[in-house]
Amino acid sequence: MPNYRGFSKPQFADGQHSVLDWMNWLDSLGALAPFAPRPLESCSMCGGPVGLSYEGDRFAYCAHCRAYTRSIDLLVPAVYSFTNTIESMLHRYKDFGDQYRWLNLPLGSLTSMFVRDHLACIDNHLGGIDVVVKIPSNNRTRGFDHLDLLLNSVEGGATLNLDDEVLTRDHTVTRPRRGELKPEAYDVVDEAVAGRTVLVFDDLWTSGSSAASAAAALKNAGADTVAVMTIGRQLNGANGYENSADLVTEARERDWEGSGCVVCS
Ligand SMILES: [Zn+2]
Ligand SMILES: [Zn+2]
């Protein structure tokens, strides 16, 4: 269990403030490291650490994504997340009660900016998105839907038009474990996705098991194409896994200014 850092609400939050204020605030915390373009020596889908082949070349895909590529056609995270940035914010926001609920403003601002700037790229690339769904929560006791709240935190901001009926969580099945592909954890309305292009929204890609399992469920229900958009792609440098430390160093140097998505950069 990583040690999640705390955040104090900036003063401007109590007065008139804008999406730009929150973007600057995120930037000052090192939380705006664009995911795209994917670092050369990273997984071709998730931008995560990859091992070396027998010949000493980096593999194209990490061990998880090798199994996920059958279910996910495109993965589009907005930023790289580190232990003390987006991941900590999401965790505080979701599970530390009302005093951290304001974190929906920076997280929502980032999401809204990314949707505004890149939803059209993704839509074009896929030849038109038919259905947009979110990964349903594993937590039934939270009392608020954190992804809904986040997507609607910026008044008049760009957002996603979610269809909440199409993909739901089957709570009789335990959540997918790290790296596990478990489509049976999700229920899909088959006729809503058969032959269609589906965009799945989630907050953070860590091992990708929830998004990949949901994507697999959508594909099993007949979806033609499944793309996944996330706010963050988590990198843990300290675990020493493959080339993760190098990736963290490279990603931490990135600037938000003029950044693209995996489709347009
Ligand atoms: Zn990967
Ligand atoms: Zn783009």
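This is a predicted model: local features need pLDDT of at least 70, side-chain atom pairs count only at pLDDT 80 or more; totals for chains, interfaces and linings use all residues.
Trainee: What makes the arrangement around the zinc ion (ligand 1) tetrahedral?

Mentor: Four donors count as tetrahedral if all angles lie between 85 and 135 degrees, and the four donor atoms here subtend angles of 105 to 115 degrees, so the arrangement is tetrahedral. Those donors are the SG atoms of Cys 43, Cys 46, Cys 62 and Cys 65, at 2.2 to 2.3 Å from the ion, and in sequence the residues are spaced C-x2-C-x15-C-x2-C. Within this site, Cys 46 and Cys 62, which both lie in the loop between strand E1 (33-34) and helix H2 (63-68), form a pair 16 residues apart that links distant parts of the chain.

Trainee: Why are Cys 46 and Cys 62 called buried?

Mentor: Buried means under 20% relative accessible area; Cys 46 has 1% and therefore counts as buried, and Cys 62, at 9%, is likewise buried.

Trainee: Which residues coordinate the zinc ion (ligand 2), and how do you know that its site is tetrahedral?

Mentor: The zinc ion (ligand 2) is held by His 118 through ND1 and by Cys 121, Cys 261 and Cys 264 through SG, at 2.1 to 2.4 Å, with the spacing H-x2-C-x139-C-x2-C along the chain. The angles among its four donor atoms are 100 to 122 degrees, and the range required is 85 to 135 degrees, so the site is tetrahedral.

Trainee: Why is Cys 261 called buried, and what makes Cys 264 partly exposed?

Mentor: Cys 261 has 0% relative accessibility, which is under the 20% cut-off, so Cys 261 counts as buried. Cys 264 has a relative accessible area of 42%, which lies between the limits of 20% and 50%, and is therefore partly exposed.

Conventions:
Residues are numbered from 1 along each chain as its sequence is written. Chains are lettered from A and ligands numbered from 1 in the order in which they are written. Side-chain values use heavy atoms; hydrogens and water are left out. Donors are N, O and S atoms within 2.8 Å of the metal (3.2 Å for Na, K and Ca); water is not among the atoms, so sites may look incomplete. Four donors count as tetrahedral if all angles lie between 85 and 135 degrees; four count as square planar and six as octahedral if opposite donors are over 155 degrees apart and all others between 65 and 115; anything else is irregular. Buried means under 20% relative accessible area, exposed over 50%, partly exposed in between (1.4 Å probe, protein chains only). Helices (H or I, at least four residues) and strands (E, at least two) are DSSP runs, numbered from the N terminus.
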